Amino acid sequence: MSSTTDALHALLATARGERPKSLACAEAEEVLNIALALLVELAVAGDRIDRLERLVAELRGQPVDALRAITYDGDVAEERQAATDALIARALRIMVDPRAARAKGEAD
Amino acid sequence: MKVRDLQHALLPAACTDDRSRQQAVVAVRRFLNGNVRPRNVEVFETEGSPAFVERFGRQPQSPEEVRQAFLLSPSYRLWSAANRSAQEMIWVSVGEPIYRDLPRITAAASALSHAPERLGSLELDPGYEPSPEVADVDIHLQPGGYAMDRGEDDVVAGALYELGGNVFSFGQGIGRGDSKAAVVIRLLESDFGGFEPKRILDIGCSAGAASAAYAAHYPEAEVHAVDIGAGMLRYAHARAESLGVAVHYHQMDAASLKFDDDSFDLVVSHNLMHEIGEEKRRSMMKEARRVLRPGGIVVHQDVAIRGLPTLVHQVERDWDTHFNGEAHWNTYAMADLVADMKAAGFAAEDVQEHDLPAVHGKNRWYAISARKAA
């Protein structure tokens with residue numbers, strides 16, 4: 001079995017039993033599970049970035065701390081900040097979505 | 001012999017991301033166990049118990065009411081949901097590389113098990129129906145459970161148990177150099193005058209870590225091990241062969257051993273008592289004594305979850321029964337094991353309970369031992 005997705009589905013196909021919930025809301029518990037899985041995947045991505053930084057530092061003949069101390073000003077800094085702002089807007093979209101606000105108003 | 005983090009031919013080819021994922025799951029579990037779970041009893045007092053009083057006008061009394069009160073605490077519910085999720089992620093983190101590399105693992109296991117120069121043996125019983133109280137449950141959420149057998153040459157249950165067990169243990173704070181067999185060997189040296197067994201039986205051997213460790217430590221001894229699962233035993237046998245140690249594996253029930261009376265010097269079980277019900281545990285203890293030679297020693301080692309001070313602590317510990325597929329967790333924790341050993345035929349003065357430090361890390365283990373009268 002070469003595909004990671006196939007491997008994952010093969011594993012899940014063997015799991016048995018009821019899945020008891022702890023939170024009052026089953027949907028909230030599912031979202032928590034997704035968030036924790038993403039936390040783990042974030043750690044995996046962090047490890048990858050760390051490896052790449054170390055390899056680049058080695059290729060440059062510098063300590064990795066020197067690579068991590070690099071800061072950018074001007075256009076590059078603005079570009080980076082814009083990317084961060086966009087990431088936050090995507091992640092927190094639900095908090096500013098007017099449809100969510102309208103629904104809350106109707107409920108009130 | 002190390003039993004964790006040990007390299008052998010059956011381990012899946014894991015990429016760097018697999019290892020990162022397993023380490024991240026260990027870190028999540030270590031955080032939940034080290035920083036969040038210790039507050040559960042406190043949040044029972046500050047959230048659970050007051051919520052119960054508000055709803056019912058009185059304090060929770062019975063274990064079921066205390067459990068109900070725990071579940072009225074938002075902090076406890078959040079920990080419980082996260083802990084269940086982390087336990088499931090253990091199996092994802094190890095199951096993915098195992099199934100991905102399964103054709104190679106299966107071929108390697110088969111080659112080792114059938115090699116002409118093999119040191120040990122494997123005896124499966126096609127007529128044996130694995131005990132449903134163990135086989136029908138995904139114990140600690142291991143997908144498919146201990147007795148999963150997907151057909152000839154299948155070793156998935158053993159592979160999952162070994163790799164998942166390592167990720168679980170490291171997240172529990174158990175040291176990478178710890179070994180339950182080494183804890184028992186140290187006990188034999190300290191409390192039984194350096195007892196040197198010539199014939200050893202490991203009951204409920206799962207993926208074979210302890211039995212292989214005994215075979216390595218006592219190279220002159222003949223080591224036998226039994227378990228209910230064919231997939232577990234195929235893996236255990238091939239693993240032992242890969243490590244170059246001789247162990248004879250048998251598929252049979254712990255409560256009905258097919259060995260002669262008085263035929264072993266040392267009979268051990270590791271983390272078995274909490275996986276089986278009361279009746280089977282008592283039968284297992286009787287069988288362990290029956291096959292023990294006069295003068296021989298039995299040691300049943302298990303997790304140190306017994307003797308908690310209050311009902312609230314006991315119910316908190318019982319999370320595993322309800323959320324982690326550990327149906328007999330509380331039964332084991334509350335059992336009078338000394339009485340069971342006496343009922344098995346041991347003299348009261350020969351039975352000892354032990355609170356044992358791990359050989360590596362801060363963990364502790366429980367054990368109950370007895371010497372059969374000569």
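Trainee: What is the handedness of the crossing in which α2(A) passes α1(B)?

Mentor: Keep in mind from the start that this is a predicted model. In it, α2(A) packs against α1(B), the helix of residues 16-36 of chain B, with the two axes 9 Å apart. The crossing in which α2(A) passes α1(B) is right-handed.

Trainee: Which word describes how α2(A) and α1(B) lie to each other, oblique or parallel?

Mentor: The angle at which α2(A) and α1(B) pack is about 130°. An angle counts as roughly antiparallel over 145 degrees and as roughly perpendicular from 65 to 115, and the rest, apart from the roughly parallel ones under 35, are oblique. The two helices α2(A) and α1(B) are therefore described as oblique.

Trainee: Which residues of α1(B) make the contact with α2(A)?

Mentor: On the side of α2(A), the contact is made by A:L36, A:L39, A:V40, A:A43, A:V44 and A:D47. The residues of this contact divide into eight nonpolar, one polar and three charged. Those that α1(B) brings to the contact are B:D17, B:S20, B:R21, B:A24, B:V25 and B:V28.

Trainee: How many residues of the contact of α2(A) with α4(B) are nonpolar?

Mentor: From α2(A) the contact takes A:E29, A:L32, A:N33, A:L36, A:A37 and A:V40, while α4(B) brings B:A81, B:A82, B:S85, B:A86 and B:M89. Once these are sorted by kind, two are polar and one is charged, and the number of nonpolar residues is eight.

Trainee: Which helix gives the most to the side of chain A that touches chain B?

Mentor: Between the chains, 24 residues of chain A are in contact with 30 residues of chain B. In chain A, both α1 (4-14) and α2 supply at least two residues of the side that touches chain B, and that side divides into 15 nonpolar, six polar and three charged residues. The helix that gives the most, with ten residues, is α2(A).

Trainee: Why is chain A called more spread out than a compact globule?

Mentor: Chain A has six helices and zero strands, and its C-alpha atoms fill a box of roughly 55 × 45 × 25 Å along the principal axes. For its 108 residues the globule rule gives 13 Å, and chain A is called more spread out because its radius of gyration is well over that, at 21 Å.

Trainee: What percentage of the residues of chain B count as buried?

Mentor: Chain B holds 15 helices and eight strands. Its radius of gyration of 21 Å is close to the 21 Å of the globule rule for 374 residues, so chain B is as compact as a globular protein of that length. Whereas buried residues make up 6% of chain A, in chain B the percentage is 51%.

Trainee: Does B:G34 count as buried or exposed?

Mentor: B:G34 has its place in helix α1 of chain B. Because B:G34 has 12 C-beta neighbours inside 10 Å, it counts as exposed.

Methods: Residues numbered from 1 in each chain as written. Chains lettered and ligands numbered in written order. Predicted model: local features only at pLDDT ≥ 70, side-chain atom pairs only at ≥ 80, totals over all residues. Contact = placed C-beta atoms within 7 Å. Helix = DSSP H or I, 4+ residues; strand = E, 2+ residues; numbered from the N terminus. Nonpolar A, V, L, I, M, F, W, Y, C, P; charged D, E, K, R; others polar. Axes fitted to C-alpha atoms, helices over the stretch in contact; angles between N-to-C directions. Left-handed = near helix turned anticlockwise from the far one by under 90°. Rg over C-alpha atoms; globule rule 2.2 N^0.38 Å. Buried ≥ 20, exposed ≤ 12 C-beta atoms within 10 Å, placed from the backbone.
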